[in-house]
Amino acid sequence: MIATLRDPKRLRAKLRQWSRDPNMVVYGVLFVAAVIFPPLASFATGTSTLTGLAADAGVWVLLAIGLNVVVGFAGLLDLGYAAFFAIGAYTYALLASAQLRSSPLHQAVHLPFWVLLFLAMFVAASAGAILGAPTLRLRGDYLAIVTLGFGEIVPRVFRNDPGHWTGGINAIGGIDQPTIPVCLDGPWSQGDDFKLQFGAVNCSFSLSDPTAYYVLMVILIIACVILVTNLQISRLGRAWAAVREDEVAAAAMGVNTRNIKLLAFGIGAAFSGFGGAYYGAKLSLVSPDNFDFTVSITVLVMVVLGGMGNIPGVILGALAVYFLEFKFLTDLPRNAAALANQVGLQGLLAPNAATSWPGLEDFVGRLNFLVLGLILVLMMLLRPQGILPSRVRAQELKAEGAADDTVFDARAGQT
Amino acid sequence: MSGLLAILWVIYLGAEDPAGLIATLVIGITDGAMFALVALGYTMVYGIIELINFAHGDVFTLGGFLGLPLLGLFGITSGTKFAWVYVPILVFVFVLVMGLNGLVNITIERVAYRPLRNAPRLAPLITAIGMSFILEGAMYLWRGPVSLRFPNLLPDTVASRFTSPAGHFGLNSGSTAAPLIDIGVKDVAVVISTVVLVILLSVFINRTKLGKAMRATAQDRDAAQLMGIDINRTISATFFIGAALAGAGGMIWALYFNSIRFDLGFTTGLIAFTAAVLGGIGNIEGAALGGLLIGIIRALNERYLSASWSDVVIFGILIMVLVFRPTGLLGMRVPEK
């Protein structure tokens, strides 16, 4: 690598090679966009709201990268992915807030964010392994249903609050913000002088200024992308591809299919837990309503839209769906109303009881279910490989007729 | 083993408070009948093309959503009460809703599932989830997030009345008067209409030519095709019948509870799917039995444990059955390839 960089000829050749690879181009564009986005957004709008939104989008990118390991690499359909997200978020919320004081423990716990980030990851991965161990021998569609059931059970348990641990519908609020030991004050923060700050009090992330969260998220995503890319080209990644394409053949070649699938499931869950801990800190509030089935489906839509099995594609898909769901469709009612006002269709704005017309704003606000559904159906029918497909996966999905239904048949050990 | 324990527990509950148990069982059987109607559609579709038709729960809701304006055409509004003149109208609307629902489901199959019949298994499942969201989204767009009020067209009269000797019944515990348990005409009507539909279905499947074609297609699609069976027509018919039953279920549900909401189908669909799996997916009698059992389990849980846990219990059962006995109680009639 270093030798390549030193030699200008080889470097040029390498760059040319990268510029022909759409994945590398996407990575490059994304990285540049990630760096220039916060100053650009705050310059254009005068606030850091957009940066905060981008940091939230990062959570979904993490989730999509994680689900891509399960669905894209190993070919297991997980419809309860939000459960692991919830487990991660609750792990952080319980161990970094005053919540446990009102629990049977009677003692609040405040562990640092950096420890909990990994603890949440570990807890979620364990939950994935515990759910996966007995269920991964099921066929693909049965597995989907089991995970769906699990995904429905987990938020309900948090909501029903057995033993008064989780706060139930009251949610957990007042969650600690991450702190770093050393930080540098400067014009970018409130103090205008360059000053090295020490200690948790001075260097705490603040909810009012999401830039620190944004930077943290970008770092987390970069780390995860490197990790997952290495996993994909490793022995394990090849084993996942083998299992996905033909489980019987993979087993015959000496792949331990059960462990391989369990690893995919656990690693996928780990990313979700990771994202969950970050999400709890960023929002400072964890409520059981934030983890319903729509979350699992939204992440699935991101993966399917972006291109199953291709990491930059999945990141693009996550960003596109996030923008669509949380910015475009959220603003659409207001924009539609403004447009109606301008073109002289004010009559549409008011609700009309006789024709049960709810008013334009309300009507447009109801679109999001339909949009998610349409994306799923149209993508699967017209471009099942996604907007930025993985080359292998595109071949697989295109090979009509040749693809027999054993591709996702994971029924080893079943009668 | 666990089944035995459950039965012992029910007997114990019955000895403790017979009236309460009877009331609970009535609720359970009535609910169970409705779940069974939905479960039949899941099981038929799975039996024939091995697809978990995710959109089926929403097709069920659609039945109620279509029924309301159709009843409105006959001047029946949400305030209308039972009268004998409405009975033929109701029957007519039922048939109409079943037909329309069937056509919707045939369209769904034609558009979203048929092009993917030879694709990897995951593909049609994802489109099915998408179709479910589309249906739910369409109903949401149409009627919004509110519960629709449905006319109370079934008589509220009491068919049979029990008195409880034990004298502690739910919230009235401690009151001196012997509480009464009523079985309404409503409950009886729900159960009877379900039984009629299930009998019609089983006659259709076992006695008619198309039913025979369905069984053949479920057993071996290629062989059935070689025998001259029109596979596409048979599969369409299956979707039609499944949706018709679900539509009837949706109407019955709406008439019984007098309200319906666009997202009813998600949870109800999952519960019905659990029923189908519990009975043995692909097995018609299994779906009916599973529906009944799930209804009773749910009612027992709501009365003796806690209503907020009932979904957790049902989905727990779903996971347990899939893990330990994926063939369900009655087993699959269609052997796995």
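Guide: pLDDT is the predictor's confidence in each residue, from 0 to 100. This is a predicted model, in which local features need pLDDT of at least 70, side-chain atom pairs count only at pLDDT 80 or more, and totals for chains, interfaces and linings use all residues. Residues are numbered from 1 along each chain as its sequence is written, while chains are lettered from A and ligands numbered from 1 in the order in which they are written.

Visitor: What pLDDT does chain B average?

Guide: The average for chain B is 85, and 91% of the residues score at least 70.

Visitor: Where in chain B is confidence lowest, and where is it highest?

Guide: Strand β2 (residues 158–163) of chain B is lowest, at a mean of 67, and helix α9 (residues 231–257) of chain B is highest, at 93. Helices (H or I, at least four residues) and strands (E, at least two) are DSSP runs, numbered from the N terminus.

Visitor: A new topic: what is the span of helix α7 of chain A?

Guide: The end C-alpha atoms of α7(A), residues 140–160, are 30 Å apart.

Visitor: How many of its residues are buried?

Guide: In α7(A), 17 of the 21 residues are buried (20 or more other C-beta atoms, placed from the backbone, lie within 10 Å of the residue's own).

Visitor: What comes just after α7(A)?

Guide: There, D161(A) takes a positive phi of about 60°.

Visitor: And the scores of the model?

Guide: The model has an ipTM of 0.83 and a pTM of 0.87.

Definitions and conventions
The expected span of a helix is 1.5 Å times one less than its number of residues. A residue is buried if 20 or more other C-beta atoms lie within 10 Å of its own, exposed if 12 or fewer, and partly exposed in between; C-beta atoms are placed from the backbone.
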